[in-house]
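Subject: Structure handover

Dear colleague,

Here is the structure I promised to pass on to you. Please open it beside this message, and follow along as you read.

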Amino acid sequence: MIVTITGANDFGRKACLSKLVADFVAAHTDMAVERYDGDEAEPARMRESVSSLPFLTERKLVVLYEPGKQKVFAEHIDDVLKDVADSTDLIIVEPKLDKRLSYYKTLRKLTDFRDFAEMDANGLASWAAAYVKEQGGNLSSSDARFLIDRVGPNQQLLSAELGKLLGYDPQITKTTIELLTEPTPQSTVFELLDAAFAGNAKRAIELYHEQRALKVEPQAIIAMLAWQLHVLALVKTAGNLRPEQIASQAKINPFVVRKTQGLARRLNLEQVKEMIAELLGLDIKLKTDSFDADEVLQLYIISLANKS
């Protein structure tokens with residue numbers, strides 16, 4: 001068995017690795033597992049490990065974490081894979097791979113290549129509902145989407161939040177989600193923009209005050225607004241590209257792209273450019289002069305609502 005585990009989905013990668021290692025240990029004990037980190041291990045030592053015979057066991061498992069960081073190892077990956085002993089199972093963990101390099105192409109061609117991409121909102125909602133069901137609980141699709149909107153699309157974080165919710169009550173509802181989870185600043189800033197672009201200045205300002213109550217500083221809110229406007233500009237200029245294509249090229253989550261598309265339909269490109277320029281001016285003003293940051297930011301939010 002020679003497996004490559006890759007992709008931006010941390011939860012998926014870790015779950016896959018944990019299962020493969022657990023299955024091997026159950027059959028051969030943990031004494032037969034060797035682990036090496038590409039940041040520290042010499043290429044020659046890693047190659048020796050995968051080619052040598054196991055000691056006192058029938059098989060051994062070698063796990064290499066980002067061995068491609070060692071240039072010599074990556075350049076000779078064909079030879080490394082050919083030299084893997086018949087009695088050795090090899091797992092190569094590479095969270096990020098450059099698809100242009102022969103290293104990527106060789107791993108994809110010659111190994112059991114498992115690419116864990118970030119899930120979109122629908123995929124995450126289905127996974128969350130299924131995960132809760134496996135644990136003996138219940139979570140509706142609509143409440144799963146509410147949870148994702150509230151805490152964000154990070155599957156690792158969602159797993160932790162679901163564990164907390166299940167411990168409180170296996171019947172997870174919107175009420176328990178609101179009771180036990182905190183909205184992420186990023187998610188709330190998106191809601192703030194959504195309200196502003198809908199012309200609802202009152203709701204947008206309420207969301208701003210919620211952020212401040214959560215001890216989020218004005219400069220942090222500016223940074224999050226800048227990021228959201230950056231994504232908005234990307235989506236607005238992407239033409240007919242599908243969300244997955246935009247996400248892949250821009251290196252952002254498809255979930256974020258899909259949510260932003262709704263905002264993008266309300267605005268033209270000139271409006272987006274104007275909003276970005278005004279936010280930049282606001283940031284410079286706050287860094288160079290003595291202004292009340294809360295007052296200036298709220299005026300900016302109100303101006304967004306007035307443009308819609």
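Contact, as the word is used below, means heavy atoms within 4.5 Å. Please keep in mind that this is a predicted model.

In that sense of contact, Leu124, Trp127, Ala128, Tyr131 and Val132 in helix 6 meet Gln155, Leu158, Ser159, Leu162 and Leu166 in helix 8. The residues of this contact divide into 8 nonpolar, 2 polar and no charged. Helix 6 (residues 121–134) and helix 8 (residues 155–168) pack at an angle of about 35°, their axes lying 11 Å apart, and their crossing is right-handed.

Leaving aside residues up to four places away in sequence, Tyr300 touches Leu225, Leu229, Met275, Glu278, Leu279 and Leu282.

Turning to the strands, 5 of them form an open sheet with parallel pairing, in the order 2-3-4-1-5. Strand 2 (33–37) and strand 5 (112–115) stand at the edges and have a single partner strand each, so one side of each is left without a neighbour in the sheet. From one strand to the next, the twist averages 15°. Strand 3 (residues 60–65) pairs with strand 4 (residues 88–94) in the parallel sense over 6 bridges, and Val62 stands opposite Leu90 in strand 4.

Notes: Residues numbered from 1 in each chain as written. Predicted model: local features only at pLDDT ≥ 70, side-chain atom pairs only at ≥ 80, totals over all residues. Heavy atoms only, no water. Axes fitted to C-alpha atoms, helices over the stretch in contact; angles between N-to-C directions. Helix = DSSP H or I, 4+ residues; strand = E, 2+ residues; numbered from the N terminus. Left-handed = near helix turned anticlockwise from the far one by under 90°. Nonpolar A, V, L, I, M, F, W, Y, C, P; charged D, E, K, R; others polar. Pairing = 2+ DSSP bridges.
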